[in-house]
Amino acid sequence: MNAYARLPVSFVRGEGALLWDANGKQYIDALGGIAVTFLGHCHPTISQTISLQANTLLHTSNLFHISAQAKLGEEFCRIASMDKVFFGNSGAEANEAAIKISRLYARTKNVEQPVVITMNNSFHGRTMATLSATGNEAIKSGFEPLLSDFIHVDFNDLDALKALQDNANVVAVMLEPIQGEGGVIVPDPDYLSGVREICDANNWLMILDEIQTGMGRTGDWFAHQASDVKPDVLTSAKALGNGIPIGACAARGKAADLISPGVHGTTFGGNPFSSQVALSVIDVIESEQLLEKSKELGQQLKKQLQQNLGTLDKVIDIRGRGLMLGIELDKAYPGLAQTFLDHGLVVNITGAGKVIRLLPSVVTTEKQIKTITETIYSVIEHV
Ligand SMILES: Cc1ncc(COP(=O)(O)O)c(C=O)c1O
């Protein structure tokens with residue numbers, strides 16, 4: 001089906017931060033498959049795990065115990081400080097599980113018409129529940145009737161949340177710690193702890209969608225860990241499998257025991273293959289100390305961008321954390337992503353066409369970081 005407005009390029013090979021197209025042209029990948037290939041393309045350890053597991057066991061089903069899934073469950077809960085986790089196959093599915101948990105939570109409170117507060121300008125996926133949660137009219141348009149039980153408020157606005165405290169149907173708040181698709185929007189430093197306080201005061205679940213921000217992207221395992229805030233429910237996907245599809249919905253405390261046999265499930269989720277690969281991803285990030293590296297490399301890139309692009313009138317803002325950066329331009333420049341491709345750089349334009357989004361891998365070299373900055377400078381200067 002004609003689901004995507006694709007750029008006219010087809011990549012046939014990748015290694016580290018580099019991609020090659022069918023004509024042999026080389027590109028620096030500063031997009032990482034939209035925050036997926038955090039460890040770069042064809043990381044030797046991940047490729048070895050894939051190969052080994054492909055020759056051992058791919059799939060059995062969740063009718064049986066899966067030791068790799070159990071081990072991954074332990075590891076994921078350790079790095080996320082959560083109690084329990086459910087594995088699916090994508091970000092949207094992880095968020096579906098989170099929304100279903102909020103419904104089960106509502107039952108424990110005898111709330112019959114549960115409402116989840118989500119944010120304007122957010123993105124949570126393309127299934128019916130997750131697009132209903134999403135705060136972007138363009139994504140919802142044409143799919144009405146949507147699930148009506150989401151109230152959208154402005155991101156980074158604690159008063160907007162407080163104004164809903166009298167609504168007895170509210171059971172949860174769901175948000176991204178840094179909005180990704182919305183244009184790399186970083187909230188005020190005390191925003192997440194403010195959300196936590198409001199959730200605690202009202203017995204609302206705090207659901208954090210870390211599908212884009214998680215797994216080392218911002219310099220911590222999960223972006224919220226830069227503060228001392230802990231969500232009740234946490235979703236992850238994208239970089240968890242470095243390209244092998246896997247998603248996770250983790251929960252702690254009162255939210256962790258709501259799913260019981262028969263209540264939720266999936267055929268593929270957490271199969272031996274994807275679980276083993278995700279275990280390997282966690283192991284590589286830890287053993288190669290890549291959280292620190294993500295922080296350092298991100299700071300380096302941000303500093304270079306600020307020093308070099310700061311003089312350009314077209315650049316309004318340079319923001320983000322770790323290896324999740326956004327360059328906001330004064331207006332949308334049609335064809336910009338293609339111009340970058342012409343210059344051998346893969347980026348993505350988001351935030352209503354005005355924000356150049358950079359999600360490079362943690363194996364990007366310092367030389368490549370410099371080339372990324374120089375290319376962005378010359379493209380913006382001439383666009
Ligand atoms: C924050 C966030 N949530 C959910 C999703 C949906 O994930 P998926 O495309 O794997 O369903 C995305 C994907 O871009 C995302 O960035």
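This is a predicted model: local features need pLDDT of at least 70, side-chain atom pairs count only at pLDDT 80 or more; totals for chains, interfaces and linings use all residues.

Colleague: What makes Ser-81 "partly exposed"?

Modeller: Its relative accessible area is 34%. Buried means under 20% and exposed means over 50%. The value for Ser-81 falls in between, so Ser-81 is called partly exposed.

Colleague: And why is Gln-289 called exposed?

Modeller: The cut-off for exposed is over 50%. Gln-289 has a relative accessible area of 53%, so the label applies.

Colleague: Where do these two residues sit?

Modeller: Ser-81 is in the loop between helix H3 (67–80) and strand S4 (84–88). Gln-289 is in the loop between H9 and helix H10 (290–309).

Colleague: Is the peptide bond from Glu-144 to Pro-145 cis or trans?

Modeller: Cis: omega is near 0 degrees. Pro-145 belongs to the loop between helix H6 (137–140) and strand S6 (150–153).

Colleague: What about Lys-238 and Phe-123?

Modeller: An N or O atom in the Lys-238 side chain is 3.0 Å from an oxygen atom of the ligand. For Phe-123, a polar backbone atom is 3.4 Å from a ligand nitrogen.

Colleague: How much of the ligand does the protein bury?

Modeller: The protein buries 81% of the 390 Å² that the ligand exposes when taken alone.

Colleague: Which residues come nearest to the ligand?

Modeller: Of 13 residues around the ligand, the nearest are Gly-91, Ala-92, Asp-209, Gln-212 and Lys-238. By class, the shell has 3 nonpolar, 6 polar and 4 charged residues. Helix H4 (residues 91–108) gives the largest share, 3 residues.

Colleague: What makes a group of residues a "nonpolar core"?

Modeller: Its members are buried nonpolar residues joined through side-chain atoms within 4.5 Å. The largest such core here has 78 residues. Among those touching the most other members are Phe-76, Met-215 and Ile-327. Helix H9 (residues 272–287) supplies the largest share, 8 residues. Domain 1 (11–30 + 289–382) and domain 2 (47–287) each contribute at least three residues to this core.

Definitions and conventions:
Residues are numbered from 1 along each chain as its sequence is written. Side-chain values use heavy atoms; hydrogens and water are left out. A residue is near a molecule or strand if one of its heavy atoms lies within 4 Å of it. A polar contact is a pair of N or O atoms within 3.5 Å; within protein, one must be able to donate a hydrogen and the other to accept it, and residues adjacent in sequence count only if both atoms are side-chain atoms. Accessible areas come from the Shrake-Rupley method with a 1.4 Å probe; for residues, only the protein chains shown count as cover. Helices (H or I, at least four residues) and strands (E, at least two) are DSSP runs, numbered from the N terminus. Ala, Val, Leu, Ile, Met, Phe, Trp, Tyr, Cys and Pro count as nonpolar, Asp, Glu, Lys and Arg as charged, and the others, Gly among them, as polar. Buried means under 20% relative accessible area, exposed over 50%, partly exposed in between (1.4 Å probe, protein chains only). Domain bounds come from an automatic or database domain assignment.
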